[in-house]
Amino acid sequence: MAKQEKRIVIDPKIMGGKPVIRGTRIPVYFILELIANGWAIDDIVREYPHLTREDVVAAIKYAAGVLREEIVVKA
């Protein structure tokens, strides 16, 4: 996951500390929302040419990693 981590940054001064693609103000959640709304990776890269396919994949892998580590507390 090292390569993906280099593409995703968390900085309190950028987008309130939300994880974003390095060098942009595009948050990981935005990329996930696009995918959830039916956008393909190629669509995202075409509409946001400063993003690469690797950036989008890194966002997906980052989100999966966060959810994998999530602790679920049963009530």
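Me: Is Arg 7 buried, exposed or partly exposed?

Reply: A relative accessible area under 20% counts as buried and one over 50% as exposed, with partly exposed in between. In this predicted model, Arg 7 has a relative accessible area of 29%, so Arg 7 is partly exposed.

Me: With which side chain does Arg 7 meet in a salt bridge?

Reply: A salt bridge is read from the distance between a side-chain nitrogen and a carboxyl oxygen. Here the partner of Arg 7 is Asp 55, with 2.8 Å from N to O. Because Arg 7 belongs to helix H1 (residues 2-7) and Asp 55 to helix H4, the pair ties together parts that are 48 residues apart in sequence. Asp 55 has a relative accessibility of 7% and therefore counts as buried.

Me: How many salt bridges does a search of the whole structure find?

Reply: The search finds three. Another of them is formed by Asp 42 and Arg 53, whose closest N and O atoms are 3.2 Å apart. This pair links distant parts of the chain, Asp 42 lying in helix H3 and Arg 53 in helix H4, eleven residues apart. Arg 53 counts as partly exposed, at 44% relative accessibility.

Me: What separates Asp 43 and Arg 46 along helix H3?

Reply: The two residues are three apart in helix H3, which means a separation of about one helical turn. Asp 43 is partly exposed at 26% relative accessibility, whereas Arg 46 is exposed, with a relative accessible area of 55%.

Me: Let us turn to the nonpolar residues. Which members of the largest nonpolar core touch the most other members?

Reply: The general idea is that, in soluble globular proteins, nonpolar side chains tend to be buried together. In this structure the largest nonpolar core has 14 residues, and those touching the most other members are Ile 8, Ile 21, Val 28, Ile 31, Ile 44, Leu 51 and Ala 59. Two or more residues come from each of helix H2 (28-36), helix H3 (41-47) and helix H4 (53-69). H4 gives the largest share, five residues.

Me: Where does Ile 44 lie, and which residues does Ile 44 touch beyond those up to four places away in sequence?

Reply: Ile 44 lies in helix H3 and, at 0% relative accessibility, counts as buried. Beyond its sequence neighbours, Ile 44 touches Ile 31, Leu 34, Ile 35, Trp 39, Leu 51 and Val 56. Ile 8 can be read likewise: leaving aside neighbours within four places, its contacts are Pro 19, Val 20, Ile 21, Val 28, Ala 58, Ala 59 and Tyr 62.

Me: What pattern does the protein chain follow along the sequence?

Reply: One lists the helices and strands in order from the N terminus. The chain has four helices and two strands, in the pattern α-β-β-α-α-α.

Me: What should be read for the chain as a whole?

Reply: Burial, contact range and surface can each be taken over the chain. Of its 75 residues, 29% count as buried. Among contacts between residues at least 6 apart in sequence, 37% join residues at least 24 apart. The chain exposes about 5,400 Å², of which carbon and sulfur atoms supply 57%. Its side chains include 12 positive and 10 negative ones, and the centres of the two sets lie 5 Å apart.

Definitions and conventions: Residues are numbered from 1 along each chain as its sequence is written. This is a predicted model: local features need pLDDT of at least 70, side-chain atom pairs count only at pLDDT 80 or more; totals for chains, interfaces and linings use all residues. Side-chain values use heavy atoms; hydrogens and water are left out. A nonpolar core is a set of buried Ala, Val, Leu, Ile, Met, Phe, Trp, Tyr and Cys residues joined through side-chain atoms within 4.5 Å. Buried means under 20% relative accessible area, exposed over 50%, partly exposed in between (1.4 Å probe, protein chains only). Contact means heavy atoms within 4.5 Å. A salt bridge is a side-chain nitrogen of Lys or Arg within 4 Å of a carboxyl oxygen of Asp or Glu. Accessible areas come from the Shrake-Rupley method with a 1.4 Å probe; for residues, only the protein chains shown count as cover. Lys and Arg count as positive and Asp and Glu as negative; His and the chain ends are not counted. The place of a charge is taken as NZ of Lys, CZ of Arg, CG of Asp or CD of Glu.
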